[in-house]
Amino acid sequence: SYGLLFAFGQLRDFFRRIFDWWSQSNLQDCFNRPISSPPDAWFDVVERISNDNNKTLKRTTRVNRCLNLGSYNYLGFAAADEYCTPRVIECLKKFSASTCSTRIDGGTTTLHAELEECVANFVGKPAAIVFGMGYVTNSAILPVLMGKGSLIISDSLNHNSIVNGARGSGATIRVFQHNTPSHLDKVLREQIADGQPRTHRPWKKIMVVVEGIYSMEGELCKLPEIISVCKKYKAYVYLDEAHSIGAVGKTGRGVCELLGVDTADVDIMMGTFTKSFGSCGGYITGSKELIQYLKYTCPAHLYATSISPPAAQQIISSIKVVLGEDGSSRGAQKLARIRENSNFFRSELQKMGFEVLGDNDSPVMPIMLYNPAKIPAFSRECLKRSVAVVTVAFPATPLLLARARICISAAHSREDLVKALEVLSTVGDMVGIKYFPAEPKKQ
Ligand code: PMP
């Protein structure tokens, strides 16, 4: 069986090299396109930059104003906002762009303390710690929490930052079938005898790691069922809410609110500020003791420069808008809008015959292309019609499960969505990705 595993590994590497070579020579223009405006509902995609043969150092750019179906701008805070932007500008003047210090050595401004209190209150946990990058939040925290002799049980489609954090921890890793509580139960049963107390098990700690909304699947976590399995085996629950915090739930508080889960049942709630809040960075929330422990042990807290003050101000201000603490009802309107937009767009795509992954209420909508050779045609034809889409391929997905990943925003108007649907329908016919019969249009 080792021989077989070796051969499989070699074959995978071979296909990976072929795919890398093919994508570098054929797909370059579909990725890494420069953008020259904020990632609002519409944005400027740079088609060409020329620099005048280097004679005058004059750079000219040709841009295509596109409908943006790719950014994670769920609540529309990526663009200038009447409440957030003036405060961010004031903050920049007061604190400047960087603290130029680590959190423990002068990098904790009054704003950082306010941010952590604000995030803990919003998420519904006793305390929070924030980091300058969402990716680092997962990859740096898991190695602090888990180590040799511990067991991490990870959803098979967890984000790369979780995978790297789990690997870096040195803990034993087991993977359960994507979003399948019964398989999680089976994996846990294999690892520990049923009903043993925490102190009599072969593992120091067991942690189950899941996401609120899966970023490549658009699917909501089956959190209530996962939690009941974890309770049965006394395993900790770690929830990554990068795509769900701010985006779902009546008041934007994520999947716990949406699915009626008590936040006390989730031991560690992680999230990022890069999606719904139009900023950067990530957070961990949990018990006061846990957060205090992380503040003295986590290398990303001790040795990295703290999150930029204007970025922190953007998060505080956008959370205030979501909670209606700016004195307006814009937050509630944005939340209603993203739900309405997401459900409308998903159902229209399905009626057209596309294969769309994910659940209702999720603003993440992968459209299956399957064959990676369809990526360049789909991406270029959409762009020609001024619609920018994100396409996802191997190794972010299995080789033959390429997809376009649509992210819907509260900033999209109904006209924007109708235009997007028209373009996607035309291009979908050209590329041949309507795998189901279309529903007849109502007269
Ligand atoms: N977790 C998940 C589930 C993600 O999808 C991402 C990135 N989109 C991250 C963590 C990393 O967050 P960031 O982009 O803010 O660094």
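Student: How many bridges join E10 to strand E13, and what makes them count as paired?

Tutor: In this predicted model, six bridges join E10 to E13 (residues 402–407), and the two run antiparallel. Since pairing requires at least two bridges, E10 and E13 are a pair by that criterion. Along this pairing, Pro366 stands opposite Arg405 in E13.

Student: What makes E10 and E12 the edges of their sheet?

Tutor: The open sheet has three strands in the order E10-E13-E12, with antiparallel pairing. Strand E10 (364–370) and strand E12 (390–392) each have a single partner strand, so one side of each lacks a neighbour in the sheet. Neighbouring strands here are turned by 30° against each other on average, with direction ignored.

Student: Why are H2 and H11 called roughly antiparallel?

Tutor: The axes of helix H2 (residues 84–95) and helix H11 (residues 309–323) come within 9 Å and cross at roughly 150°. Angles over 145 degrees count as roughly antiparallel, and therefore H2 and H11 are described in that way. The crossing in which H2 passes H11 is right-handed. Where the two helices meet, H2 contributes residues including Cys84, Arg87 and Phe95, while those of H11 include Pro309, Gln313 and Val321.

Student: How do you know that the buried residues of H7 line one face of the helix?

Tutor: In helix H7 (residues 223–233), the buried residues are Leu223, Ile226, Ile227, Val229, Cys230 and Tyr233. Viewed down the axis of H7, these fall within an arc of 160°, so they line one face. As background, an α-helix has 3.6 residues a turn, so residues three or four places apart point the same way. On the face of H7 turned away from the buried side are the exposed residues Ser228 and Lys231.

Student: What covers the buried residues of H7?

Tutor: The cover includes helix H6 (181–191), strand E6 (206–211), strand E7 (236–240) and helix H8 (255–259). Just after H7, Lys234 takes a positive phi of about 55°.

Student: Why does Arg103 count as buried?

Tutor: Arg103 lies in the loop between H2 and helix H3 (110–123). The cut-off for a buried residue is 20 or more other C-beta atoms within 10 Å, and Arg103 has 24 such neighbours, so Arg103 counts as buried. If neighbours within four places in sequence are left aside, Arg103 is in contact with Thr108, His301 and Ser306. Met352, by comparison, is 249 residues from Arg103 along the chain, and the C-alpha atoms of the two are separated by 51 Å.

Note on methods. Residues are numbered from 1 along each chain as its sequence is written. This is a predicted model: local features need pLDDT of at least 70, side-chain atom pairs count only at pLDDT 80 or more; totals for chains, interfaces and linings use all residues. Helices (H or I, at least four residues) and strands (E, at least two) are DSSP runs, numbered from the N terminus. Axes are lines fitted to C-alpha atoms, for helices over the stretch in contact, and angles run from 0 to 180 degrees between N-to-C directions. A residue is buried if 20 or more other C-beta atoms lie within 10 Å of its own, exposed if 12 or fewer, and partly exposed in between; C-beta atoms are placed from the backbone. The arc is that of the directions from the helix axis to the C-beta atoms. Two residues are in contact if their C-beta atoms, placed from the backbone, lie within 7 Å. Angles under 35 degrees count as roughly parallel, over 145 as roughly antiparallel, 65 to 115 as roughly perpendicular and the rest as oblique. A crossing is left-handed if the near helix is turned anticlockwise from the far one by less than a right angle, and right-handed if clockwise.
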